Amino acid sequence: MIPVDRPDPVTGHQGPTVLGHEFMGEVVACGPDVETFRVGQRVACGAGVWCGLCSWCRLGRTNLCARYYTLGLHTHGGLAEFVRVPARTCHEVPEACSDEAAAIAQPTAVAVHALRRSGWMPGMRLVVIGTGGIGSVVIGVARAWGGEALLAVDVDARRLELAERVGASVRLQAGRDNVRGGVLKATGGEGADVVVDSSGGEG
């Protein structure tokens, strides 16, 4: 995904790239047409950049933009000391929100979107496969929304410990535990109502 052998067709960037596509920062300068932000404000960046002009953008499906690119992958990102981002990808960070919490605004939005699209509601049994960055936030959001039967599945015991800290009621380690049996046992033999796969693995 990082353009090393040839320039990215949209950004023109090529070569070593400063990563970071989930980040927040303080505005140090604004372009001449920016009216929504001011210097000194804290903003969280969505990282995905869309053109606003193609047919997908005009339909409101900016994630399918014909010229879509991601900061931190197709051009320099948030781990740089300074990064230039379109104002339309940013959201103001409320005063009550810490820098650390604001930095995970983008993955939290992914988790919220996943749960809404899945049809999950409090009272339903949820299994999350893969409890890395996104999966653990899915569990945390579900717990914050009142979820109780939240089952975490991962191959990594440390990730499962994190999943439990953010709200998982049951943790199952794939490759060690009988995952299917564990899910059935935890759900009284009925299984999950919703399964979110955030592992990215083919198996």
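**View A. What the buried residues of α3 pack against.** On the buried side of α3, the packing partners are α2 (99-103), β6 (126-129) and α4 (133-144), with contact meaning heavy atoms within 4.5 Å. This is a predicted model: local features need pLDDT of at least 70, side-chain atom pairs count only at pLDDT 80 or more, and totals for chains, interfaces and linings use all residues. Residues are numbered from 1 along each chain as its sequence is written, and side-chain values use heavy atoms, leaving out hydrogens and water.

**View B. The two faces of helix α3.** P107, A111, V112 and L115 are the buried ones here (buried is under 20% relative accessible area, exposed over 50%, partly exposed in between; 1.4 Å probe, protein chains only). Looking down the axis of α3, they fall within an arc of 145°, so they line one face of the helix; the arc is taken over directions from the helix axis to the C-beta atoms. Turned away from that buried side are the exposed R116 and R117. Just after α3 comes G119, with a positive phi of about 85°.

**View C. The open four-stranded sheet.** Its strands go β8-β7-β6-β9, paired parallel; pairing takes at least two DSSP bridges between two strands. β8 (170-173) and β9 (194-197) sit at the edges with a single partner strand each, so one side of each has no neighbour in the sheet.

**View D. Where β6 meets β7.** Four bridges join β6 to the parallel strand β7 (residues 150-154). Across this pairing, L126 stands opposite L150 in β7.
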